[in-house]
Amino acid sequence: MRLFQGKKKLAYRLITFITLFGLLVTLVSTAIQVKLEYDREILEIKKRFVQVQETYLQSIAENLWLLDTKRLQTILGGISRLPDFQFAEVVSDTGQIKVNIGSHMGPQGAIFSADIPYVHRGKSRIIGQFQLVANLDGALERVI
């Protein structure tokens, strides 16, 4: 009878080990998948910033050069309504904030910035900086 009890203990240990190992593999693979998905979402936000930069930067430069704050507000308002972006700002080369739209999140948001070039009389110069802040909560929610 004792011979069979030893085999039961071994069977229970083996089942426990297999179950825990399977659980560990599942947790690790799920964590890796979540990390990969989150990184993909962040990459998509970065791609959107590049698209915004390619699409709007020339218009922002022209209106900053003309000091047309109403048009800058309109442009930045449209940009800040794009998915995940919540704050947009244009700062002149002297450091003076010309226009900002939305609410700045602080350190928990992703901050993207680009110099604003303008060509005047054949010379290119930097006349300011464009800053865009993305809220990463949306990316996290999509992953979850």
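Predicted model: local features only at pLDDT ≥ 70, side-chain atom pairs only at ≥ 80, totals over all residues.
The protein contains 3 helices and 4 strands. Read along the sequence, these elements follow the pattern α-α-β-β-β-β-α. The radius of gyration is 27 Å, well over the 15 Å that the globule rule gives for 144 residues, so the protein is more spread out than a compact globule. The dimensions of the C-alpha trace can also be given along the principal axes, where the trace spans about 100 × 30 × 20 Å.

Burial and surface were examined for the protein as a whole. Of the 144 residues, 31% count as buried. The protein exposes about 10,100 Å², and carbon and sulfur atoms supply 60% of this area. With regard to charge, there are 18 positive and 13 negative side chains. The centres of these two sets lie 13 Å apart. Contacts were also sorted by distance along the sequence. Among contacts with a separation of 6 or more, 60% are accounted for by residues 24 or more positions apart.

In soluble globular proteins, nonpolar side chains tend to be buried together. In the present model, the largest nonpolar core has 27 residues. Helix H1 (2-65), helix H2 (69-80), strand S1 (85-92), strand S3 (110-120) and strand S4 (123-134) each supply at least two residues of this core. Helix H1 gives the most, with 8 residues. The residues with the most contacts inside the core are Ile 60, Ile 116 and Phe 130. The surroundings of Ile 60 illustrate how the core is joined.

Glu 41 is located in helix H1. Glu 41 has a relative accessibility of 9% and therefore counts as buried, the limit for burial being under 20%. Apart from its neighbours within four places in sequence, Glu 41 is in contact with Ala 139, Arg 142 and Val 143. Asp 39 also lies in helix H1. Because its relative accessibility is 34%, Asp 39 counts as partly exposed. Asp 39 and Leu 140 are separated by 101 residues in sequence, while their C-alpha atoms are 9.9 Å apart in space.

Finally, backbone geometry was examined at two loop positions. Leu 67 is found in the loop between H1 and H2. Phi of Leu 67 is near 55°, which is a positive value in a residue other than glycine. The relative accessible area of Leu 67 is 53%, so this residue is exposed. Arg 121 is placed in the loop between S3 and S4. Phi of Arg 121 is likewise near 55°, again a positive value in a residue other than glycine. With a relative accessible area of 77%, Arg 121 is exposed.

Technical notes: Residues numbered from 1 in each chain as written. Heavy atoms only, no water. Core = buried A, V, L, I, M, F, W, Y, C linked by side-chain atoms within 4.5 Å. Buried < 20%, exposed > 50% of the residue type's maximum accessible area, 1.4 Å probe, protein only. Rg over C-alpha atoms; globule rule 2.2 N^0.38 Å. Contact = heavy atoms within 4.5 Å. Areas by Shrake-Rupley, 256 points an atom, 1.4 Å probe, with all protein chains shown as cover. Lys, Arg positive; Asp, Glu negative; His and termini not counted. Charge placed at Lys NZ, Arg CZ, Asp CG, Glu CD.
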